[in-house]
Amino acid sequence: MNKISESAIHKELDLIQGCISRMAHYCFVVKGWSILLISSVFAFWNNQALSWGYGVIVCGALLALWMLNAFFLAKEKDYRNWYSKVITTRKSGDDELLYELNTEKYPIKKCCVAGTMFSTILPWFYLVLIITTLGIIICSKTSDTKINRINCNSAIVNDVRSNNQ
């Protein structure tokens, strides 16, 4: 095994740290898209009845964003594991996979996207958004029914008044 220079080790660690930062940024951006999506539900609500189809589309999009967020978080964890492995192996002079950033080639335990999806914080974030979306649709259906009852009652009152005149 060859002795690896400190600058080569630092450069490789910088590359891996860049990947970790990029994955963390992507997670943040996906969460922003999720908030934007739920904000659009509030914007279009405006006391009008939203269809169940609209709710299914929004909840489906939230599930897709949840999976995408879990993917980026799993990749970030893979890079963190690789970062730790590089620190220990490069000091011993092992130059296998030097400057390699493809996580599929790493001899480390990979993070599962499904496991990451149901980790500590992601379910709370996305389930709250999904429940809020469904709550808005249920409230819009309820308010639509009340508005229709009021309109029917006022129509009946008007009919009675016109018949009495």
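Guide: Helices (H or I, at least four residues) and strands (E, at least two) are DSSP runs, numbered from the N terminus. This is a predicted model, in which local features need pLDDT of at least 70, side-chain atom pairs count only at pLDDT 80 or more, and totals for chains, interfaces and linings use all residues. Residues are numbered from 1 along each chain as its sequence is written, and side-chain values use heavy atoms, with hydrogens and water left out.

The protein has four helices and zero strands, in the order α-α-α-α along the sequence. The part to look at is helix α2, which runs over residues 52-91. Its 40 residues span 59 Å from the first C-alpha to the last, close to the expected 58 Å. That expected span is 1.5 Å times one less than the number of residues. Just after α2 comes Gly93, with a positive phi of about 95°.

Side chains of opposite charge can pair when their charged atoms come close. A salt bridge here is a side-chain nitrogen of Lys or Arg within 4 Å of a carboxyl oxygen of Asp or Glu. The count is one salt bridge: Glu76 with Arg80, whose closest N and O atoms are 2.8 Å apart. Because Glu76 and Arg80 stand four residues apart in helix α2, about one helical turn separates them. An α-helix has 3.6 residues a turn, so residues three or four places apart point the same way.

The two partners differ in cover. Buried means under 20% relative accessible area, exposed over 50%, and partly exposed in between (1.4 Å probe, protein chains only). Glu76, at 8%, is buried, whereas Arg80, at 45%, is partly exposed. Across the protein, buried residues are 31% of the 165 residues.

Next come the rings. Rings of Phe, Tyr and Trp (its six-membered ring) pair if their centres lie within 6.5 Å; planes under 30 degrees apart count as stacked, over 60 as edge-to-face and the rest as tilted. Tyr26 belongs to helix α1 and Phe72 to helix α2, 46 residues apart, and the pair links distant parts of the chain. Tyr26 is partly exposed at 32%, while Phe72 is buried at 15%.

Trp66 and Tyr126 have ring centres 5.8 Å apart and planes at 10°, so they are stacked. Trp66 sits in α2 and Tyr126 in helix α4 (residues 122-164), so this pair ties together parts 60 residues apart in sequence. Both are buried: Trp66 has a relative accessibility of 3%, and Tyr126 has 0%. Trp66 and Tyr126 also form one aromatic cluster with Phe118 and Phe125.

Finally, the surface. Patches are made of residues with over 30% relative accessible area and no salt bridge: like charges are joined within 9 Å, nonpolar side chains (Val, Leu, Ile, Met, Phe, Trp, Tyr) within 5 Å. Leu68 and Phe71 make a nonpolar patch of about 330 Å² together with Trp33 and Val113. Accessible areas come from the Shrake-Rupley method with a 1.4 Å probe, and for residues only the protein chains shown count as cover. Trp33 lies in helix α1 (residues 6-45) and is partly exposed at 45%.
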